[in-house]
Amino acid sequence: MRLDILSIFPEYFAPLDVSLIGKARERGTLDVRVHQLRDWAHDVHRTVDDTPYGGGPGMVMKPEVWGEAIDSVIGDGAPRMIVPTPSGRPFTQELAQELAAEPWLLFACGRYEGIDSRVMAEYGSRLRVDEVSIGDYVLAGGEVAVLVMVEAVGRLLPGVLGNAQSAVDDSFAPGSMQNLVEGPVYTKPPVWRGHEVPAVLLSGHHGKVARWRRDEALRRTVRNRPELAAALDPETLDKHDRKL
Ligand SMILES: O=C(OCc1ccccc1)c1cn[nH]c1
């Protein structure tokens with residue numbers, strides 16, 4: 001997968017050189033290219049923003065700079081374009097899986113009050129353009145949201161995660177974990193400061209362990225995410241039972 005990221009703070013993406021993503025890059029699974037948006041701002045101050053039409057506080061990112069930058073980065077190619085913004089569609093594990101199947105993603109990091117809307121309109125006629133929100137809060141810019149999405153997508157790529165199975169069992173993963181969060185996890189020692197690991201997990205009885213995990217996942221979902229639990233139809237609950 002090729003990833004292009006356009007930002008006025010390319011240094012935000014140094015973390016992509018480490019850990020899982022770093023290894024995927026070394027392996028060639030991921031080809032990440034970070035670009036300084038200001039390289040396409042030609043005035044002496046390399047200005048990328050201006051005051052908003054209609055008035056109001058803050059600044060808006062200029063369409064000309066974005067147009068030149070995107071044209072230069074994509075040529076006549078057609079990546080899927082993702083623009084992080086609080087007003088976007090929710091980023092979910094399902095969308096992460098969808099993006100993980102894309103051969104080429106272009107992330108446009110907005111700052112200030114956002115990017116002139118005509119940029120998304122201009123490229124929307126030629127590319128799949130999605131404005132995406134990672135949550136209902138406002139950040140200073142899209143960079144951190146891109147780091148979140150790149151990690152969520154990158155870990156789903158073949159060979160990136162040590163154990164491919166663990167992605168299948170992720171919280172929210174479509175299929176048996178849809179609308180469910182994962183339950184508690186444990187490792188050695190069997191007793192720590194008087195706290196014992198639930199006996200079923202030491203029983204070696206895989207059916208009982210799977211059922212216990214499903215029940216704990218349900219319990220935690222009801223406690224922490226009642227709105228998801230409400231979405232669990234009896235069929236899903238039953239499937240868990242049948243699956244076990
Ligand atoms: O703040 C965010 O993106 C940066 C941004 C982009 C455009 C205008 C203001 C801020 C964001 C919050 N959830 N998901 C994304």
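The following legends describe close-up views of a predicted model.

Residues are numbered from 1 along each chain as its sequence is written, and side-chain values use heavy atoms, without hydrogens and water. Local features need pLDDT of at least 70 and side-chain atom pairs count only at pLDDT 80 or more, whereas totals for chains, interfaces and linings use all residues.

View 1. The ligand is surrounded by 14 residues, a residue being near if one of its heavy atoms lies within 4 Å. The closest are Ile134, Gly135, Tyr137, Leu139 and Gly141. Strand β5 (residues 80–90) gives the largest share of this shell, 3 residues; strands (E, at least two residues) and helices (H or I, at least four) are DSSP runs numbered from the N terminus. The shell comprises 7 nonpolar, 6 polar and 1 charged residues. In this classification Ala, Val, Leu, Ile, Met, Phe, Trp, Tyr, Cys and Pro are nonpolar, Asp, Glu, Lys and Arg are charged, and the others, Gly among them, are polar.

**View 2. Polar contacts between the ligand and the backbone.** A polar contact is a pair of N or O atoms within 3.5 Å. One nitrogen atom of the ligand lies 2.9 Å from a backbone N or O atom of Ile134. A polar backbone atom of Gly135 is 3.0 Å from a nitrogen atom of the ligand. At Leu139, a polar backbone atom is 2.7 Å from an oxygen atom of the ligand. The protein buries 94% of the 380 Å² that the ligand exposes when taken alone, by the Shrake-Rupley method with a 1.4 Å probe.

**View 3. The second largest pocket.** The ligand sits in this pocket, which requires that more than half of its atoms lie within 2 Å of the pocket's grid points. A pocket is an open set of points on a 1 Å grid over the protein atoms alone, where a 1.4 Å probe fits, with protein on both sides within 12 Å along at least five of seven lines; lining residues have an atom within 4 Å of a point. The space in the second largest pocket is about 420 Å³, a volume filled by probe spheres set on the points. Of its 25 lining residues, Pro84, Thr85, Pro86, Glu113 and Gly114 lie nearest the centre. Strand β5 supplies the largest share of the lining, 5 residues.

**View 4. Two backbone features in loops.** Lys188 and Pro189 are joined by a cis peptide bond, with omega about 0°. Pro189 belongs to the loop between α6 (164–168) and β8 (191–192). Tyr112, although not a glycine, has a positive phi of about 60°.

Terms used: Polar contact = N/O pair within 3.5 Å; in protein donor to acceptor, adjacent residues only side chain to side chain.
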